[in-house]
Amino acid sequence: MKMNFTRRTLMALTVVAIAAPVYAADKVNLRLSTPASETDQRSVALAEVFAPAVAEFATYEPHYNGSLIAQNSELEAIASGDLEMSITSAQELAQFFPEFSIFATGYVHQNAAHQVDVFNDPLMEPFKQKVEDELGVKLLAVMYLGQRHVNLRQTKDELAVMTPEDLAGINLRMPGTDAWQFLGKALGANPTPMAFTEVYTALQTGSVDGQDNPLPTVVDAKFYEVTNQIALTSHLVDLNYVAFSKSVWDGLSADQQAAVKAAAEAAAESGRQKQLEKEESLVAFLKEQGMEIYKPDLNAFRKHVQGQYAGSELAASWPEGVLDRINALGN
Ligand code: KDO
């Protein structure tokens, strides 16, 4: 865990980053690191929409599958000037700023449009400002990852997941930060921390019983080859932010900054629409692959998950009134 990564260390790293912005030839070189694959819709959107829109003054150099920086270490890399961009998560940000766990809480965001409304609402300003001031990272746009569901090796005959009680003792891989682990427990499972790039093999060998991710990720990462069922828990309408180095940003002209922001927003919108389409269409594909896909008792899951967060240490870090404001922006 990086909770001991103190604010003072962050400030020091930010100063280093300010002193050494990364430029390639006379264009800014923007290295992006992500655990996602090249074919993931967020990667595709950045390569096809973001990169050409900034090509006049920037080169875009993406690194996929965690090949440059390991999952959950990208923000530190940006802070220390070793990376210019990432597709970060609220869970990762919560390692530094616990209040970000509010955006990583089960059954809070209602859908993709709600995520955008929350991201653009004034309620986000203090969150964004803190990340910028203390980590040297600008959050440019919100990307839609999708509705996360429980995806298991067991067949439905072996284990039908209707309520959180059915997940008791199930080793559910969750990414390795506190906010993720909390969510896994809140679902009723036994969460096992693991990097995304290790999940396929862990499912194949049975070292975990399952994992949670949106349907497009289950397909992109081919998890359907090594699992048998998906219980449509929709426990997290998951998001990522386009994270950008503040020191690089500060070296750009006002026009270039505007172009970078607009390009990130356009890429996010393009990726969001494609991801939504995929969530719809992939149910049929996954069924054709032999996956059993069904709806559990959503009220039971929602009630259990919300009950776990209420009064928790995570909830104690949420600024007063923010949850109500998020809810008010929903349906
Ligand atoms: C994952 O590790 O399950 C996760 O879906 C978490 C997300 O925040 C994000 O890091 C994502 O992986 C990667 O981009 C790979 O899709």
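**Reading helices, rings and packing**

Q: In this predicted model, which residues of α6 are buried?
A: The buried residues of α6 are F127, K128, V131, E132, E134 and L135. As a general idea, an α-helix has 3.6 residues a turn, so residues three or four places apart point the same way.

Q: How many aromatic pairs does a search of the whole structure find?
A: The search gives 13 aromatic pairs. Take F100 and F127: their ring centres are 5.3 Å apart and their planes lie at 80 degrees, so this pair is edge-to-face. The cut-off behind that label is over 60 degrees between the planes.

Q: Where do F100 and F127 lie in the chain?
A: F100 is in the loop between α4 (90-93) and α5 (112-120), while F127 is in helix α6 (residues 125-135). The two residues are 27 residues apart, and the pair links distant parts of the chain.

Q: Are F100 and F127 buried or exposed?
A: Buried means under 20% relative accessible area. F100 has a relative accessible area of 0%, so F100 is buried. F127 counts as buried because its relative accessibility is 3%.

Q: What kind of aromatic pair do F100 and Y241 form?
A: That pair is also edge-to-face, with 6.2 Å centre to centre and 80 degrees between the planes. Y241 lies in strand β9 (residues 229-245) and F100 in the loop between α4 and α5, so the pair ties together parts that are 141 residues apart in sequence. Both F100 and Y241 are buried.

Q: Which residues form one aromatic cluster with F100?
A: The cluster consists of F96, F97, F100, F103, F119, F127 and Y241.

Q: How is a pair of packed helices described?
A: Two packed helices are described by the angle between their axes and the distance between the axes. Here, helix α2 (residues 41-54) packs on helix α11 (residues 254-288) at an angle of about 150 degrees, with the axes 8 Å apart. An angle over 145 degrees counts as roughly antiparallel, and α2 and α11 are therefore roughly antiparallel to each other. Their crossing is right-handed.

Q: Which residues make the contact of α2 with α11?
A: From α2 the contact includes Q41, A45, L46, E48 and V49, and from α11 it includes A259, V260, A263 and K274. By class, this contact has twelve nonpolar, four polar and three charged residues.

Q: At what angle do α7 and α12 pack?
A: Helix α7 (residues 178-186) and helix α12 (residues 298-309) pack at about 135 degrees, with their axes 9 Å apart. These helices are therefore oblique to each other, and their crossing is right-handed. In the contact, A179, F182, L183, K185 and A186 of α7 meet H304, V305, Q308 and Y309 of α12. The contact has six nonpolar, two polar and one charged residues.

Q: Which residues of α7 are buried?
A: They are A179, W180, Q181, L183, G184 and A186. Just after α7, G188 takes a positive phi of about 105 degrees.

Q: Where is L276 found, and what is L276 in contact with?
A: L276 is found in helix α11. At 29% relative accessibility, L276 counts as partly exposed. Leaving aside neighbours within four places in sequence, L276 is in contact with A112 and Y144. L276 and N111 are 165 residues apart in sequence, yet 9.9 Å apart in space, C-alpha to C-alpha.

Terms used. Residues numbered from 1 in each chain as written. Predicted model: local features only at pLDDT ≥ 70, side-chain atom pairs only at ≥ 80, totals over all residues. Heavy atoms only, no water. Axes fitted to C-alpha atoms, helices over the stretch in contact; angles between N-to-C directions. Helix = DSSP H or I, 4+ residues; strand = E, 2+ residues; numbered from the N terminus. Parallel < 35°, antiparallel > 145°, perpendicular 65-115°, else oblique. Left-handed = near helix turned anticlockwise from the far one by under 90°. Contact = heavy atoms within 4.5 Å. Nonpolar A, V, L, I, M, F, W, Y, C, P; charged D, E, K, R; others polar. Phe/Tyr/Trp six-rings, centres within 6.5 Å; stacked < 30°, edge-to-face > 60°. Buried < 20%, exposed > 50% of the residue type's maximum accessible area, 1.4 Å probe, protein only.
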